Amino acid sequence: IKTNLYPVPDLNLPFLGVHFTPGSEPNSPVTIGPTASLAFGRENYRGLESLEPLMTLKNINKLFSQYFLNEGGFRKYVHEQAFLSMPIPFLSAAKDLIPKLKGNDIRL
């Protein structure tokens with residue numbers, strides 16, 4: 001693909017969904033992004049590197065509050081998105097945008 005590709009958003013839950021972002025160089029790989037994931041710090045991209053404990057506690061508290069209050073159907077969103085970090089549900093969501101996609105087309 002040559003341009004960003006996103007699912008139609010649910011305006012009540014403004015997250016991207018599984019989406020495709022091409023690289024800037026010719027023939028560079030396309031990144032397939034998940035909808036959202038909990039960050040444990042501003043620069044926390046992998047495991048425990050750049051962990052910010054206070055920010056983590058604030059984020060978890062906010063998410064529990066949103067889940068408990070269920071504003072805008074947040075609980076349903078969490079249930080739909082919870083498994084997208086697993087390969088099979090992730091591939092299934094990606095295939096909603098590009099049906100011909102196969103498991104060996106992506107690298108996790």
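This is a predicted model: local features need pLDDT of at least 70, side-chain atom pairs count only at pLDDT 80 or more; totals for chains, interfaces and linings use all residues.
**Overall architecture**

The secondary structure of the protein consists of three helices and two strands. Read from the N terminus, these elements follow the order β-β-α-α-α. Along the principal axes, the C-alpha atoms occupy a box of roughly 40 × 30 × 25 Å. The protein has 108 residues, of which 19% count as buried. Among contacts with a separation of 6 or more, 31% are made by residues 24 or more positions apart.

**Burial of selected residues**

The table lists relative accessibility for residues that are discussed in the sections below.

| Residue | Relative accessibility | Class |
|---|---|---|
| Phe 74 | 8% | buried |
| His 19 | 9% | buried |
| Thr 56 | 10% | buried |
| Tyr 77 | 10% | buried |
| Ile 60 | 27% | partly exposed |
| Ala 39 | 29% | partly exposed |
| Asn 70 | 29% | partly exposed |
| Asn 27 | 83% | exposed |

**The strand region**

His 19 belongs to strand E1, which covers residues 19-22. His 19 counts as buried because its relative accessibility, 9%, is under the 20% limit. Leaving aside residues up to four places away in sequence, His 19 touches Leu 5, Tyr 6 and Pro 7, then Thr 31, Ile 32, Gly 33 and Pro 34, and also Leu 97.

Asn 27 is located in the loop between E1 and strand E2 (30-33). With a relative accessibility of 83%, Asn 27 is over the 50% limit and therefore counts as exposed. The backbone of Asn 27 has a phi near 60 degrees, a positive value in a residue other than glycine. Most residues other than glycine have a negative phi.

Helix H1 comprises residues 53-69, and Thr 56 is placed within it. Thr 56 is buried, at a relative accessible area of 10%. Beyond its sequence neighbours up to four places away, Thr 56 touches Phe 40 and Leu 51.

Ala 39 is situated in the loop between E2 and H1. Its relative accessible area of 29% falls between the limits of 20% and 50%, so Ala 39 is partly exposed. Ala 39 touches Asn 44 and Asn 59, again not counting residues up to four places away in sequence. Ile 60, in helix H1, is 21 residues from Ala 39 in sequence and 9.5 Å from Ala 39 in space, C-alpha to C-alpha. Ile 60 counts as partly exposed, with 27% relative accessibility.

Asn 70 is partly exposed, at a relative accessible area of 29%.

One aromatic pair is found in a search of the whole structure. The pair is formed by Phe 74 and Tyr 77, whose ring centres are 6.2 Å apart; their planes meet at 40 degrees, so the pair is classed as tilted. Both residues lie in helix H2, three residues apart, which is about one turn of the helix. Phe 74 is buried at 8% relative accessibility, and Tyr 77 is likewise buried at 10%.

A further arrangement involves a charged side chain and a ring. Arg 75 lies over the face of Tyr 67, at 5.2 Å from the ring centre.

**The second largest pocket**

The second largest pocket has a volume of about 350 Å³. It is lined by 20 residues, and those closest to its centre are Pro 7, Val 8, Gly 17, Glu 80 and Gln 81. Helix H2 (residues 74-81) provides the largest share of this lining, with four residues. By class, the lining contains 11 nonpolar, five polar and four charged residues. Pro 7, one of the residues closest to the pocket centre, is also among the residues that His 19 touches.

Methods
Residues are numbered from 1 along each chain as its sequence is written. Side-chain values use heavy atoms; hydrogens and water are left out. On a 1 Å grid over the protein atoms alone, a cavity is a set of points where a 1.4 Å probe fits but cannot get out, and a pocket is an open set with protein on both sides within 12 Å along at least five of seven lines; lining residues have an atom within 4 Å of a point. Grid points are joined across faces, edges and corners, and a volume is the space filled by probe spheres set on the points. Ala, Val, Leu, Ile, Met, Phe, Trp, Tyr, Cys and Pro count as nonpolar, Asp, Glu, Lys and Arg as charged, and the others, Gly among them, as polar. Buried means under 20% relative accessible area, exposed over 50%, partly exposed in between (1.4 Å probe, protein chains only). Contact means heavy atoms within 4.5 Å. Rings of Phe, Tyr and Trp (its six-membered ring) pair if their centres lie within 6.5 Å; planes under 30 degrees apart count as stacked, over 60 as edge-to-face and the rest as tilted. A charge sits over a ring if NZ of Lys or CZ of Arg is within 6 Å of the ring centre and within 35 degrees of the ring normal.
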